[in-house]
Amino acid sequence: MSMKPTRGLINIFDRDVSLLGKEEIADLRKRVGIVQQDFRLLDHMTTYENVALPFRILGRSESSYRGEVIELLRWVGLGERMDALPPILSGGEKQRAAIARAVIARPQLLLADEPTGSVDPTLGRRLLRLFIELNRSGTAVVIATHDVALMDQYEARRLVLHQGQVHTYE
């Protein structure tokens, strides 16, 4: 189900979403990575399979992405957990798997809702460095967070939502 705006305009990738059909929205969705607060991992799939899912959806052969998935899982500290199913992962491990899945296909836009909420400060900084590297390589990264102290360590444009109004801070 997709929702249309009740007022105003929503443009993504220079397209007015209110004018798009289901197939066009599905095509746009392939260009967006999302990190949800509740992880949205598939419990019947291993950590490796969850992270590789975007490539499978795109129809790529496993031999073309296996090394990339394993390397990213190691980088986020899940190299030893790639065969584990989500129900036995800790909250922080699930968070890292969800982030890895969202970034593996190098989306043009990454939306992350509290991406460091379930990890320790050291890992939080490491994950933010991953987002910064993604941004430097051309991915637009939007992070929703309450962790102002962590964000203060990085120079980035900020949008603050306060009483229904968006304010920009550079």
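Analyst: Let us start with a pair of helices. The axes of H2 and H4 come within 7 Å of each other and cross at roughly 25°, where axes are lines fitted to C-alpha atoms, for helices over the stretch in contact, and angles run from 0 to 180 degrees between N-to-C directions. This is a predicted model, in which local features need pLDDT of at least 70 and side-chain atom pairs count only at pLDDT 80 or more, while totals for chains, interfaces and linings use all residues. Residues are numbered from 1 along each chain as its sequence is written, and side-chain values use heavy atoms, with hydrogens and water left out.

User: Why is H2 called roughly parallel to H4?

Analyst: Angles under 35 degrees count as roughly parallel, over 145 as roughly antiparallel, 65 to 115 as roughly perpendicular and the rest as oblique. The axes of H2 and H4 cross at roughly 25°, and therefore H2 is roughly parallel to H4. The crossing is also right-handed; a crossing is left-handed if the near helix is turned anticlockwise from the far one by less than a right angle, and right-handed if clockwise.

User: Which residues make the contact between H2 and H4?

Analyst: On the H2 side they are Thr-47, Asn-50, Val-51 and Pro-54, and on the H4 side Ala-97, Ala-100 and Arg-101, with contact meaning heavy atoms within 4.5 Å. These residues divide into 4 nonpolar, 2 polar and 1 charged, given that Ala, Val, Leu, Ile, Met, Phe, Trp, Tyr, Cys and Pro count as nonpolar, Asp, Glu, Lys and Arg as charged, and the others, Gly among them, as polar.

User: Why is the pair of Phe-55 and Tyr-65 called stacked?

Analyst: A search of the whole structure finds 1 aromatic pair. Rings of Phe, Tyr and Trp (its six-membered ring) pair if their centres lie within 6.5 Å, and planes under 30 degrees apart count as stacked, over 60 as edge-to-face and the rest as tilted. The rings of Phe-55 and Tyr-65 have centres 5.2 Å apart and planes at 25°, so the pair is stacked. Because Phe-55 lies in helix H2 and Tyr-65 in helix H3, the pair ties together parts that are 10 residues apart in sequence.

User: How do you know that Asn-50 is buried?

Analyst: Buried means under 20% relative accessible area, exposed over 50%, and partly exposed in between (1.4 Å probe, protein chains only). Asn-50 has a relative accessible area of 0%, so it is buried. Asn-50 belongs to helix H2, and helices (H or I, at least four residues) and strands (E, at least two) are DSSP runs, numbered from the N terminus. Leaving aside neighbours within four places in sequence, Asn-50 is in contact with Leu-41, Leu-42, Met-45, Pro-86 and Arg-101.

User: What makes H2 mostly covered?

Analyst: Of the 11 residues in helix H2 (residues 47-57), 8 are buried, including Leu-53 and Pro-54. Leu-53 has 18% relative accessibility and so counts as buried. The buried residues of H2 pack against helix H3 (62-75) and helix H4 (91-103).

User: Is Phe-39 buried or exposed, and what about Arg-106?

Analyst: Phe-39 has 14% relative accessibility and therefore counts as buried, whereas Arg-106, at 56% relative accessibility, counts as exposed. Phe-39 is in the loop between strand E3 (32-35) and H2, and its phi is near 70°, a positive value in a residue other than glycine. Arg-106 is in the loop between H4 and strand E4 (109-113), and has a positive phi of about 50° although it is not a glycine.
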